[in-house]
Amino acid sequence: MDDALFSDDAPLLEVSDLSVTFSSEDGLVRAVRGVSFTLEPGRLLSVVGESGSGKSVTAMALLGLLPRSAQVAGSAKFRGMELLGRPDREMMAVRGAEIAMIFQDPMTSLNPVYSVGWQLVEAIQAHQEIDKDAAWDRAVHLLDTVGIPEARQRAAGYPHEFSGGMRQRVVIAMAMANDPDVIIADEPTTALDVTVQAQVLEALRTAQEVTHAAIILITHDLGVVAGLADDVMVMYAGKAVERGTVEDIFYWPRMPYTKGLLGSLPRLDASGDERLRPIPGVPPSLANMPPGCPFMPRCPISRPNCAEDEPVLRPVVGGGHLAACHYAEEVSPGDELFAPISSDAEVVE
Amino acid sequence: MLPYIIRRLAIGAVVLVVASFVVFLLVSLSGDPLAQLKANPHIPPAVIAQRERLLHLNESIFARYWIWVSHMFRGDFGNSIAGYPVGPILWGKLGVTLRLVVGATLLSVMFGVGLGVISARRQYSVVDYSATFASFVFFSTPVFVVGILLKQFLAVRVNLAAGKTLLYTLGQQSALLEPSFGSRLLDYTEHTILPVITLTLVTYPAWSRYQRAEMLDVQNSDYIRLARAKGLSPRRVLVRHILRNALIPVVTVIGLDTAAIFGGAVVTESVFGWNAMGQFLLTGIQQIDVNVVLAYLMLTAGIVILFNLLVDIIYGYLDPRIRHA
Amino acid sequence: MTFAIDETIPGFNVNTSADNEFVLQEVLNQVWPSAFFANGDLKPQMNTDLLTSAKVTSTNPETIVYQINPKAVWSDGTPINADDFIYNWQAQSGNSAYTDVGGKPYDDVSTTGYANIKSVTGSNNGDTVTVVFSTPFGDWQSLFGNIVPAHVAKTVGWNTGFNDYTKVISGGPFVISNYVKDQTVTETANPKWWGKKPVLDSLIFRILSDDSAGPPGMQNKEIQIFNPSAASLATKQALAQVPGITSQAPAGLEFEHMDFSQTDPYLAKVQVRQALAYAIDRQDLINRTVGQLSSTIKPIGDRMFMPTQPQYVDNGTAYEKPDLAKAKSLMQAAGMKLGTDGYFQPTSGPQAGKDLTFTLSTTSGQALRQSEEEVVQTDLQKLGVKVTIQNYTASQLFGTILPKGEYQLAIWAWVDTIFPSGNQPLYCSYTNSQACGSNYDHYANPQVDNLLNQAVATVDATQATNLYNQADKILWTDMVSLPFFQRPSQIAWVTNLANVVINTSNQGYTWNAQEWGYKAS
Ligand SMILES: Nc1ncnc2c1ncn2[C@@H]1O[C@H](COP(=O)(O)OP(=O)(O)O)[C@@H](O)[C@H]1O
Ligand SMILES: [Mg+2]
């Protein structure tokens, strides 16, 4: 990597107006529509949103992993270097080395035919001039770091000999392998049992401590976010609809959607009669989106103008963060915007 | 591993014995090998009686099978109706057939895997569509038609253009009077090209379709995405990850197709006037020559059994999830 | 020059039952000498290279004196002389006193004629051979064909010694110089040949069992003469596309016929057989089958000689045209009643009161014969006889069904040679079971026996021909079998190959190959 491309005073990762469009049989699918954010060194940014809101596509766009059919626009600068539109050959040097990625399903993320040690060594040697034995030692060390017991023996094992949680640790170890500055973890715990989720998040935290990397933690589970994140970006229908520090978002969400997400969260401090309050309805189709606020059909406080003007992400008057709602100022922490599920109704997912 | 191999070989041996008995019955009961002689009014009855004794036709079918089995265990394939030891003939013919089978298998692997990879890498491109079209055409064309077309449209034209015979359409070799090693090799090659292309054209399509499908499957898998996210070169991702994984099922299919290739070789040989394993089998069946048919069966079935075992072993080696105890 | 032959060669002694294949005769024509051979006119012709004369010196006892050309030698330098004649006689005499190496009985494809010989003696330094018969044999010119070198056979063995081609030393213009099993036989000029030098340097025989490979092979100049195993329209059409070749479909010595098994109570009646014969339109049958290959093929009127042979006489003029009225009256004369449904019904026997039904059999899987069956079926239905078809594989038909007489009507072919004595076992009374084993129909007529016995013993060719034809006239009257047509063979050769002469006998096309040569172009 040419160091001259980097600028020391540039932000670690600066994404502005990122948009991704796929052409499909139903027309253009606008999966990401102008997302902007900045990632500071060592911080943990959590991207939350329902399934299909464009989180993964955003992450993949940063690393240039989207299929050829994706049209990507906007800008994503890593230490001042533009990532978007960079040829594969050059992105190779960024992937894994500067920005590492962890995917959702650990069961299928590892190549079944190679031992986990081999796959780690491969990751190490992709970016470091290091002989095989040394690389193997480093692999074992990494496995040990993420909490794999008897790492030296297990390194020779194949993925199918590992449980889901263990495999995700292997992937995390792989992400740490080259001391990246950014680790993007795309729903790293979603596919796992609740009991293992905590351990995997712990491993992720360790990874951050060891590498001092900034982390983008993608999740649809706000519960995961609370204890870990520094900043939160909420996405809906391909857009960032609220952005702020974790405290801001949790204590005073300004976007009805965020509030809904929080309401659908089981609360540890909940007293007996408090029930979940999910958001009714489903996200809109991203192909041929109508004008106006995409959340409007599901929004309890929408007014007629919401159907025409799509709100932009803007500082909320009187609040410390950004939200994309015409009526953000009217959302107060106390109100319950959504109805609780009645006790005899079934949850429809 | 060893006990597994031994067990599999034992099962194979049982299959061979059962198959040999069934085929022995089928062939023996299909008629009288001396019928043509008997139909010839000039042949003295003593001669026919003598031939019957030689072929043990005066004994029961079970006794005849037992004679065959006991010889078989000593590695003796018995004699043909005409009185020749079958074994040496068989090995000679196998050598010739292998020229065709090995050549066609190698080419088919190259074409099948190669085109499959290219098609998958360039899905929905012109290359992909042409390869798909060609595969379907060759897949649905019988071997002998492919052979005949190649003769008409390739051999005759190439030879005309060259002004001499470069591609032979008949036989596995010329009658060279004083062949040197080089001229013999060249002659073999000139005779082998068309049959090999023919057998390849009917063999590779299935493999290439399979390879393409497997590639697409693997290409879109999570671990390939992770491999790319690790910063591996596209080449390494292709070779060490996509190809390596996509080849596993393809290798199985190729291995299991051995029987089909031998079957295709029988027809190909006949179309090109080769007198090798195919002609050996066909005349054996025609002449109700039990020992000949059984020798063919033993050899090809043996090869198929060995290949299946080999495929299983390779599979276990290629895919750590499968291990044979 | 490459000649495509359609069958593999088991071994090289064509005189044994194990090796006897037509194609081997073609291979050996230029190698092993014959006293007489069948020429293009389908007549026996003396081999003037081998013999200076061959004469009948007495008819009682029949005595033949052969004068061997004193220059005649085997390719190993050993003279060809009386010893060879003596050995070839003994080996094919069927006399168990003579045995092959190791005391094994001789394997012979035929002992016909040799079995009639009392003695063979040499004189004049072995150049004169005197053969004396114990029973007269008219077709004496068929003897001493493919003479096996005695001095070699006595060491390597008659039965299997010539499986090794290097033992097949030559007494002809060419010598086998190489043999790749089941692929090619290469013959080059015999350096010891005393006769006129052959024009071609070499003859290559390529074994080609798939007829469809022939035409492209000719087009690709890989073969120059092609004689497919079975004549077919497909081959004819394919050959028509090949430039620079001559392609013909001459009628062969093989004839299709329908036989009536006289073990069947109804077919045992001559009127029924005649009725069936009158009902079948043979010209129509030809038009629907082989007529497409050759327009010259006509219904056959002689079982002993084919229309292409000089001795042919049309003995079947009564059956020249189908005659349905006559056929019906013959049926009635045989005691059949015409039922209301238009089918004849026997008044007695196993099918009494039922529609008369015959089973027609032939070899399965042959389009030509299936077409023949269809025509027969239709024609006999017009007569009022039902025909069901039951076909068998060749080995079942010839191995079991025919010898055991387990059929009613059957279609197959007899292959004639130019020597008519081969007809005797087909028509002599089946009660002489051994000698007349091929009389599958169980026909018996002492008159025919008599004529055939005389014919085979008659040395004078004209007289013998007469006797054979007299016997055939009776066969027509008795309607033993209904001859259909000569099967056409097929032959194609590159037009600039000179002196190829059609020879449809079992001598094969190479009978004069020493005269073949390329025209200067
Ligand atoms: N390769 C693709 N082709 C077409 N549409 C895609 C493709 N990948 C993702 N999408 C669409 O983009 C939208 C966002 O997907 P994604 O980013 O995976 O959502 P999530 O927020 O659940 O990660 C979805 O509607 C999805 O269907
Ligand atoms: Mg996702």
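Chain A carries an open sheet of four strands in the order 2-1-4-5, with antiparallel pairing. Here, two strands pair if DSSP finds at least two bridges between them, and helices (H or I, at least four residues) and strands (E, at least two) are DSSP runs, numbered from the N terminus. At the edges of this sheet stand strand 2 (27-39) and strand 5 (81-82) of chain A, each with a single partner strand, so one side of each is left without a neighbour in the sheet.

A word on the ground rules: this is a predicted model, where local features need pLDDT of at least 70 and side-chain atom pairs count only at pLDDT 80 or more, while totals for chains, interfaces and linings use all residues. Residues are numbered from 1 along each chain as its sequence is written, chains are lettered from A and ligands numbered from 1 in the order in which they are written, and side-chain values use heavy atoms, with hydrogens and water left out.

**More on the chain A sheet**

- Ten bridges pair strand 1 (residues 13-24) of chain A with strand 2 of chain A in the antiparallel sense.
- Within that pairing, A:Ser19 has A:Arg33 in strand 2 of chain A as its bridge partner.
- Helix 1 (residues 55-63) of chain A packs on the sheet and touches strand 1, strand 2 and strand 4 (70-78) of chain A; contact means heavy atoms within 4.5 Å.
- The direction of helix 1 makes about 110° with that of strand 1 of chain A; axes are lines fitted to C-alpha atoms, for helices over the stretch in contact, and angles run from 0 to 180 degrees between N-to-C directions.

**Chain B on its own**

- Chain B comes to 13 helices and zero strands.
- The C-alpha trace of chain B spans about 85 × 60 × 40 Å along its principal axes.

**The chain C sheet**

- Five strands of chain C form an open sheet in the order 17-16-18-13-19, and the pairing is mixed.
- Strand 17 (386-389) and strand 19 (481-488) of chain C are the edge strands, each with a single partner strand, so one side of each is left without a neighbour in the sheet.
- From one strand to the next, the twist averages 30°.
- Strand 13 (residues 251-260) and strand 18 (residues 409-415) of chain C run antiparallel and are joined by seven bridges; C:Glu254 has C:Val415 in strand 18 as its bridge partner.
- Helix 9 (residues 367-383) of chain C lies across strand 13, strand 16 (357-361), strand 17, strand 18 and strand 19 of chain C, and runs at about 135° to strand 18.

**Where chain A meets chain B**

- The contact takes 28 residues from chain A and 20 residues from chain B.
- About 2300 Å² is buried between chain A and chain B, and carbon and sulfur atoms give 57% of it; buried area is the accessible area (1.4 Å probe) that two parts lose on being put together, summed over both.
- A:Phe103, A:Val113 and A:Glu122 supply 22% of the area that chain A buries against chain B, more than any other three residues.
- Two salt bridges are counted between chain A and chain B, a salt bridge being a side-chain nitrogen of Lys or Arg within 4 Å of a carboxyl oxygen of Asp or Glu.
- B:Lys230 forms a salt bridge with A:Glu122, with the closest N and O atoms 2.9 Å apart.

**Where chain B meets chain C**

- There are two pairs of chains in contact, and chains B and C share the most contacts.
- On this interface, 46 residues of chain B are in contact with 49 residues of chain C.
- Chain B and chain C bury about 3600 Å² between them, 53% of it on carbon and sulfur atoms.

**What doesn't touch**

- Chain A and chain C have no contact joining them, and their closest C-alpha atoms lie 49 Å apart.
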